[in-house]
Amino acid sequence: SAAILQTDAAVCGGITEWRRIAATAASYGVQMCPHWFHDLHAPLVAATPNARYVEFFWDDQVLNFRRLLDRQLSLREGQVVLHPEPGLGFDFDDGQGAKYCQWHTLS
């Protein structure tokens with residue numbers, strides 16, 4: 001049994017699976033407080049009745065995946081400020097992605 005689930009959409013099968021888990025958790029009265037990547041989870045928490053909190057990492061030292069995003073979520077008076085764009089509100093920055101990827105061609 002669990003009182004809180006810290007399911008991570010980046011590893012549990014994506015947003016659809018995360019929402020399925022949240023719905024199942026809600027049917028048992030269990031809260032969702034997702035783990036890690038707040039840029040991904042904050043919009044999900046905002047749209048999920050039984051979700052309460054988002055872990056927020058203020059820098060990119062622990063959550064260095066954020067370096068690949070074109071814009072970051074911010075905090076205002078202890079609250080995560082969501083992007084006004086639909087969906088998750090961010091895209092991947094191709095320039096940043098190129099720094100971490102090596103492209104190989106087969107000869």
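Predicted model: local features only at pLDDT ≥ 70, side-chain atom pairs only at ≥ 80, totals over all residues.
**Overall build**

The protein has three helices and four strands. From the N terminus, the elements run β-α-β-α-β-β-α. The C-alpha trace spans about 55 × 40 × 25 Å along its principal axes. Of the 107 residues, 30% count as buried. Now look at contacts with a sequence separation of 6 or more: 52% of them join residues 24 or more positions apart.

**The core**

In soluble globular proteins, nonpolar side chains tend to be buried together. Here the largest nonpolar core holds 13 residues. Ala 9, Trp 18, Met 32, Phe 37 and Ala 51 touch the most other members. Helices α1 (15-27) and α2 (38-46) each supply at least two residues of this core.

Take Ala 9 as an example. Residues up to four places away in sequence are left out of its list. Ala 9 then touches Gly 14, Ile 15, Trp 18, Leu 40, His 41 and Leu 44.

**Helix α1**

Helix α1 has 13 residues. From its first C-alpha to its last, α1 reaches 18 Å, close to the 18 Å expected at 1.5 Å a residue. Which residues of α1 are buried? They are Trp 18, Ala 22 and Ala 25. Seen down the axis of α1, these buried residues fall within an arc of 65°, so they line one face of the helix. An α-helix has 3.6 residues a turn, so residues three or four places apart point the same way.

The buried residues of α1 pack against β1 (4-5), β2 (31-32) and α2. The face turned away from the buried side carries the exposed residues Thr 16, Arg 20 and Ser 27. Just after α1, Gly 29 takes a positive phi of about 75°.

**His 41**

His 41 sits in helix α2. Is His 41 buried or exposed? His 41 counts as buried because its relative accessibility is 0%, and the cut-off for buried is under 20%. The side chain of His 41 reaches the backbone nitrogen of Ala 9 at 2.9 Å. Beyond its neighbours within four places in sequence, His 41 is in contact with several residues, among them Thr 7, Asp 8, Trp 18, Pro 34 and Val 54.

Cys 12 is in no disulfide: the nearest cysteine sulfur, that of Cys 33, is 15 Å away. A disulfide would need the two sulfur atoms within 2.5 Å. Cys 12 counts as partly exposed, at 24% relative accessibility. Cys 33 counts as buried, at 9%.

Most residues other than glycine have a negative phi.

| Residue | Phi | Place | Relative accessible area |

How values were computed
Residues numbered from 1 in each chain as written. Heavy atoms only, no water. Core = buried A, V, L, I, M, F, W, Y, C linked by side-chain atoms within 4.5 Å. Buried < 20%, exposed > 50% of the residue type's maximum accessible area, 1.4 Å probe, protein only. Contact = heavy atoms within 4.5 Å. Expected span 1.5 Å × (residues − 1). Arc of directions from axis to C-beta. Polar contact = N/O pair within 3.5 Å; in protein donor to acceptor, adjacent residues only side chain to side chain.
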